[in-house]
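Reader: Please walk me through the side-chain contacts here. I would like to learn how to read each kind.

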Amino acid sequence: MEKLTMGVMLSIVSLISCFSSLHAPAPWPGGRSSRFYDFKVQTTRITKLCNTKDIVTVNGMYPGPVVYAQEDDRVIIKVTNESPYNVTIHWHGIRQRLSCWSDGPSYITQCPIQAGQSFTYEFTLVKQKGTLLWHAHVSWLRGTIYGAIVIYPRTGVPYPFTYPYEEHIIILGEYWLKDVVQLEKAVLASGGGPPPADAFTINGHPGPNYNCSNNDAYKIDVVPGKTYLLRLINAGLNSENFFSIANHRMTIVEADGEYTKPFTTDRVMLGPGQTMNVLVTADQSIGKYSIAMGPYMSAQGVPFQNISAIAYFQYLGALPTSLSLPARLPSFNDNLAVKTVMDGLRSLKSGHVPKEIDQNLFYTIGLNVQQCHSPTPQQNCQGLNNGTMAASMNNISFVNPKISLLEAYYNRINGQFTEDFPGVPLKFYDFVNGAPNNSPNNTQSVIGTRTFVLEYGTRVQLILQDTGTVSTENHPIHLHGYSFYVVGYGSGNYNPQTAQFNLVDPPYLNTIGVPVGGWAAIRFVVDNPGVWFMHCHFDIHLSWGLASVFIVKNGKGELETLPHPPADLPCEEIQQADQAIVDELKQISEREVEMEDLRDHGEKDGGRGAVQGVEDLRMKKEARRAHLREQVIGEESLRERSAMKELISENRSSACW
């Protein structure tokens with residue numbers, strides 16, 4: 001194992017040496033060194049806001065443990081679910097080169113890890129460094145299950161800025177007194193919107209503005225004259241947030257794990273899932289300075305938490321009883337403050353921005369209201385106009401399949417998704433000021449599990465257009481498996497004749513805040529096969545269906561081909577119960593195809609008896625399936641058992657069998 005910098009050596013936690021269930025790693029990417037972590041998802045009792053309750057955490061920590069590594073390392077994390085809820089973990093911003101199986105979104109790349117079970121995530125940090133995050137990706141468990149990922153440069157490779165005196169991780173979050181899983185269920189059952197968080201938090205601490213929280217505040221002790229690197233992460237559920245430090249300016253040097261040209265500002269805004277590294281110099285008089293986190297709310301008529309979370313930037317020599325100087329935040333709807341920071345983001349290096357485009361896509365994003373047919377409308381029809389709230393891309397609300405979409409695609413299981421997501425809106429209109437149907441009487445969306453298929457190597461330009469069907473809003477859109485160049489953005493409806501693009505040094509991000517009432521243009525090359533989720537990072541919007549999926553087909557050769565699924569992948573029990581039977585079923589299917597071809601063409605030599613041969617093979621397949629089903633049935637939940645029966649009956653001729 002290579003020697004790390006002193007800061008990393010002091011912080012890295014290597015908790016386990018091996019896992020008995022690890023599958024053989026792909027030949028590439030293999031990683032320079034391996035980092036092992038052991039995550040136990042468990043309930044933990046904490047007291048906040050005058051209330052004691054159980055929350056779901058990793059290793060009893062809130063926020064969770066930091067994953068430390070270096071560029072090109074192999075990271076292996078065993079997640080054991082000791083909680084009563086199903087869970088998955090997503091490694092937000094990790095591009096998962098040839099490791100789509102470890103991406104983590106539930107029912108997209110895997111089924112959830114059930115209570116009492118485990119799954120080992122394994123991926124390589126190919127050409128990646130910087131600050132990212134990990135979080136739960138099922139239900140709203142991300143509200144308490146989250147933590148930082150810190151990837152240092154290779155040994156001997158310096159930062160492209162002055163080395164800081166110290167580094168600190170700052171995670172912005174939201175806290176609810178209600179259980180977040182029950183909260184999601186209650187909100188979706190109501191048909192309306194969610195309540196605001198009970199508090200904002202900085203590293204899990206709300207600060208003195210909230211009840212019973214005078215002593216529940218985070219503090220950074222600083223030495224006068226020294227410069228500090230703050231690794232900012234927004235892990236909130238449904239809120240975008242401004243961040244500032246009283247009387248101190250911040251210099252942005254990284255965004256979403258990619259270096260930027262230095263840009264100095266007195267406040268920043270981060271949406272959920274976004275990260276940013278800033279340099280702050282302790283250049284003021286000795287004292288105690290407030291660090292503030294407050295709301296950015298761009299939508300109309302949406303309730304939000306308006307009390308700021310407070311932490312402290314305290315100089316060495318300041319009296320503990322010193323009054324803190326207040327930090328100034330923009331007003332909650334200051335769109336110009338957001339744009340000013342975005343305007344300042346430029347990639348440090350020019351990179352490889354695609355100049356030629358093979359596939360132009362145009363996705364509208366926004367909210368919808370569906371008709372409510374509940375017999376108890378007072379309880380279930382609390383959306384606008386007595387409807388139920390929804391969200392969509394190109395007016396299609398995404399619905400999760402019964403099993404993971406990646407498994408359905410990889411194993412050619414029919415009936416779980418379609419490949420007909422439209423590359424452009426079904427109807428063009430005044431997106432910002434109008435509606436696709438007849439607002440406000442008809443603002444419904446189509447529901448489905450639709451995907452868009454891309455050939456390996458395709459150069460994509462995607463226009464993301466905000467809509468005003470219900471309300472315009474800044475939407476933080478995250479793409480799994482890729483980073484992308486934000487080559488342009490603006491207000492109003494996208495117009496290719498007037499849009500201005502930056503093809504020289506655009507920021508390279510994984511999450512983009514599509515401007516309120518505006519648009520953003522992103523470009524990327526699809527060179528990583530698999531099934532990749534793209535969605536709004538407001539969990540309420542994701543629950544309502546503001547998501548879509550790209551299927552990236554294999555290229556040529558092993559280094560452009562999605563590997564086999566890992567042995568312990570949830571929902572893969574049916575293939576692991578008896579591999580010999582699975583292999584036999586595949587051989588039977590291949591022989592069945594040959595026999596059917598002979599039968600259909602009536603070839604004399606091989607065709608005699610082909611009809612009876614096909615029937616014999618089908619009977620043999622059914623017998624082997626039944627044996628396999630009996631082995632699997634005892635290990636599955638009722639839901640998975642039902643889904644498996646359906647798949648076996650619906651896919652009699654699947655090549656998987």
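**Reading the side-chain contacts**

Author: Lys339 is partly exposed, at 44% relative accessible area. Keep in mind that the model is predicted.

Reader: Which residue forms a salt bridge with Lys339?

Author: Asp343 does, with N and O 2.8 Å apart. Asp343 is partly exposed too, at 32%.

Reader: Where do Lys339 and Asp343 lie?

Author: Both are in helix α3, which covers residues 335-344. They are four residues apart, about one turn of the helix.

Reader: How many salt bridges does the structure hold?

Author: It holds 19. Asp266 and Arg267 make one of them, at 3.0 Å from N to O. Asp266 has 35% relative accessibility; 35% falls between the 20% and 50% cut-offs, so Asp266 is partly exposed. Arg267 is partly exposed as well, at 23%.

Reader: Which residue does Arg459 pair with in a salt bridge?

Author: Asp358, with the closest N and O atoms 2.8 Å apart. This pair links distant parts of the chain, 101 residues apart. Arg459 sits in strand β25 (residues 459-466). Asp358 sits in the loop between α3 and β20. Both ends are partly exposed: Arg459 at 31%, Asp358 at 43%.

Reader: Now the rings. What describes a pair of aromatic rings?

Author: Two values: the distance of the centres and the angle of the planes. In this structure the count comes to 33 aromatic pairs. Take Tyr68 and Tyr152: their ring centres are 6.5 Å apart and their planes meet at 15°. Planes under 30 degrees apart count as stacked, so this pair is stacked.

Reader: Where do Tyr68 and Tyr152 lie?

Author: Tyr68 is in strand β3 (residues 67-70), and Tyr152 is in strand β8 (residues 146-152). The pair therefore ties together parts 84 residues apart in sequence.

Reader: Are Tyr68 and Tyr152 buried or exposed?

Author: Tyr68 is buried, at 11% relative accessibility. Tyr152 is buried, at 7%.

Reader: What about the rings of Tyr363 and Phe550?

Author: Their centres are 6.1 Å apart and their planes are at 20°, so they are stacked. Tyr363 lies in strand β20 and Phe550 in strand β32 (residues 547-552), so the pair ties together parts 187 residues apart in sequence. Tyr363 is buried, with a relative accessible area of 0%. Phe550 is buried at 4%.

Reader: Which residues form one aromatic cluster?

Author: Phe362, Phe428, Tyr429, Phe431, Tyr494, Phe501 and Trp519.

Reader: Rings can also face a charge. Which residue lies over the face of Tyr152?

Author: Arg231, at 5.3 Å from the ring centre. Elsewhere, the charged end of Lys288 sits over the ring of Tyr312, 4.3 Å from its centre.

Reader: Last, the confidence. What is the mean pLDDT of the protein chain?

Author: It is 87, and 81% of the residues reach 70 or more. Over residues 1-29, though, pLDDT is below 50. That stretch has 58 contacts in the model beyond near neighbours in sequence. Residues 603-607 also stay under 50, with four contacts beyond four places in sequence.

Methods
Residues are numbered from 1 along each chain as its sequence is written. This is a predicted model: local features need pLDDT of at least 70, side-chain atom pairs count only at pLDDT 80 or more; totals for chains, interfaces and linings use all residues. Side-chain values use heavy atoms; hydrogens and water are left out. pLDDT is the predictor's confidence in each residue, from 0 to 100. Contact means heavy atoms within 4.5 Å. A salt bridge is a side-chain nitrogen of Lys or Arg within 4 Å of a carboxyl oxygen of Asp or Glu. Buried means under 20% relative accessible area, exposed over 50%, partly exposed in between (1.4 Å probe, protein chains only). Helices (H or I, at least four residues) and strands (E, at least two) are DSSP runs, numbered from the N terminus. Rings of Phe, Tyr and Trp (its six-membered ring) pair if their centres lie within 6.5 Å; planes under 30 degrees apart count as stacked, over 60 as edge-to-face and the rest as tilted. A charge sits over a ring if NZ of Lys or CZ of Arg is within 6 Å of the ring centre and within 35 degrees of the ring normal.
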